[in-house]
Amino acid sequence: MRRGIVLYRKREFLLMLPGVMGFFLFYVLPFLMTCVFVFIRSPFDSTFVGFQNLGRTLQNGYFQMALRHTAVFTLLSVSLTLALTLALTFMLYNCPFPFHSPFVLPVLLPTVAVAMVWNVLFGRDSTLSGLGLPPQSALYVLFVWKNTGLHVIFLLSALAQLPKELMEAASIDGAGMCSRFRHIVLPHLLPTLFFCCVYAIMCSFRIFRESYLLYGTYPHESLFMVQHYIHNQFAKLRYPEVASAGFLYAIPVILLVALIFRLQSNWQEANQA
């Protein structure tokens, strides 16, 4: 029996090994190399300079502006996406017709083709641009449109595990739609909602591809984010600035994700108690 358990664990380890090696090679190792470049003069001069690169980046006005715009974009886009996701999920859960498949299309469509269509709709000479909309509205709408459908699929999958007898009993007892959603559906969805929140935050940090296709390397000032700053510094071969910006960009992201997981853990402990 014990020998069988050991063989089973070895097989699990061998199955996980390619994924772990790929994660270390393409994620952990580049991040460690970035941390090394932060504290040296350049990749060709390994002189230790301490926090000089970090201080220069923090004092850069363009980096401060990019960091502020990135934080605002993440906060607003993730909040709008999750709010719309909850509304569509509850609407589709009570809908008798299967209308779930079209929500996957934004994820399947090529980003370049989507950006071309978006440029026609929200470009400088388009009809919507004459309405006086701010330049960043196209990017917000694109992010919400592209990510809401996938999150709806996640939440609908979680709702499929909700016992219908519980909803029927609450309806018989006189609970309204809003009351059922608040006291039954929402607590059941919270673990999946935490996952959607983390995933949406990660997607908001990867918006550079869409922004680059729509507005180029130097977009409007309100759309200049940390990714643009890193890209422009890399194009000028300023590797210490690139490493410092990436380091200063990664630390808040890691802390934010850790905070979300901590809140989820506290909620689960309180729910079990």
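**Cysteines**

This predicted model contains zero disulfides. Cys197 shows why. Its sulfur lies 8.8 Å from the closest cysteine sulfur, which belongs to Cys196, and that is too far for a bond. The cut-off for a disulfide is 2.5 Å between the sulfur atoms. Cys197 is buried, because its relative accessible area is 18% and buried means under 20%. Cys35 also counts as buried, at 17% relative accessibility.

**Salt bridges**

Side chains of opposite charge can pair when their charged atoms come close. The model holds four salt bridges. Three of them are tabulated here.

| Salt bridge | N to O distance |
|---|---|
| Arg41 and Asp45 | 3.4 Å |
| Lys146 and Glu210 | 2.8 Å |
| Arg209 and Glu210 | 3.9 Å |

Take Arg41 and Asp45 to begin with. Their side chains meet in a salt bridge. Arg41 is partly exposed, with a relative accessible area of 43%. Asp45 is partly exposed too, at 28% relative accessibility.

Next comes Lys146. Its salt-bridge partner is Glu210, with the closest N and O atoms 2.8 Å apart. This pair links distant parts of the chain. Lys146 sits in helix 6, residues 137-159, and Glu210 sits in helix 9, residues 208-215. The two are 64 residues apart. Are Lys146 and Glu210 buried or exposed? Both are buried. For Glu210 the relative accessibility is 6%, under the 20% limit, so the residue counts as buried.

Glu210 has another partner. The side chain of Arg209 meets that of Glu210 in a salt bridge of 3.9 Å, N to O. Arg209 is partly exposed, at a relative accessible area of 48%, whereas Glu210 is buried. Which residues are linked in a network of salt bridges? They are Lys146, Arg209 and Glu210.

**Aromatic pairs**

How many aromatic pairs does the structure hold? The count is 13. One of them joins Phe39 and Phe51, whose ring centres are 5.7 Å apart. Their planes stand at 85°, so the pair is edge-to-face; the cut-off for that class is over 60 degrees.

Phe39 and Phe51 link distant parts of the chain. Phe39 lies in the loop between helix 1 (2-38) and strand 1 (40-42). Phe51 lies in the loop between strand 2 (45-48) and helix 2 (52-58). Twelve residues separate the two. Phe39 is partly exposed, with a relative accessible area of 22%. Phe51 is exposed, at 64%. Ring pairs also bring in Phe247: Phe39, Phe51 and Phe247 are linked into a cluster.

A further pair involves Phe195 and Tyr199. The ring centres of Phe195 and Tyr199 are 6.2 Å apart. Why is the pair stacked? The planes of the two rings are at 20°, and planes under 30 degrees apart count as stacked. Phe195 and Tyr199 are both in helix 8, residues 177-204. Because they are four residues apart there, about one helical turn separates them. Phe195 counts as partly exposed, at 46% relative accessibility. Tyr199 also counts as partly exposed, at 29%.

Conventions. Residues numbered from 1 in each chain as written. Predicted model: local features only at pLDDT ≥ 70, side-chain atom pairs only at ≥ 80, totals over all residues. Heavy atoms only, no water. Buried < 20%, exposed > 50% of the residue type's maximum accessible area, 1.4 Å probe, protein only. Phe/Tyr/Trp six-rings, centres within 6.5 Å; stacked < 30°, edge-to-face > 60°.
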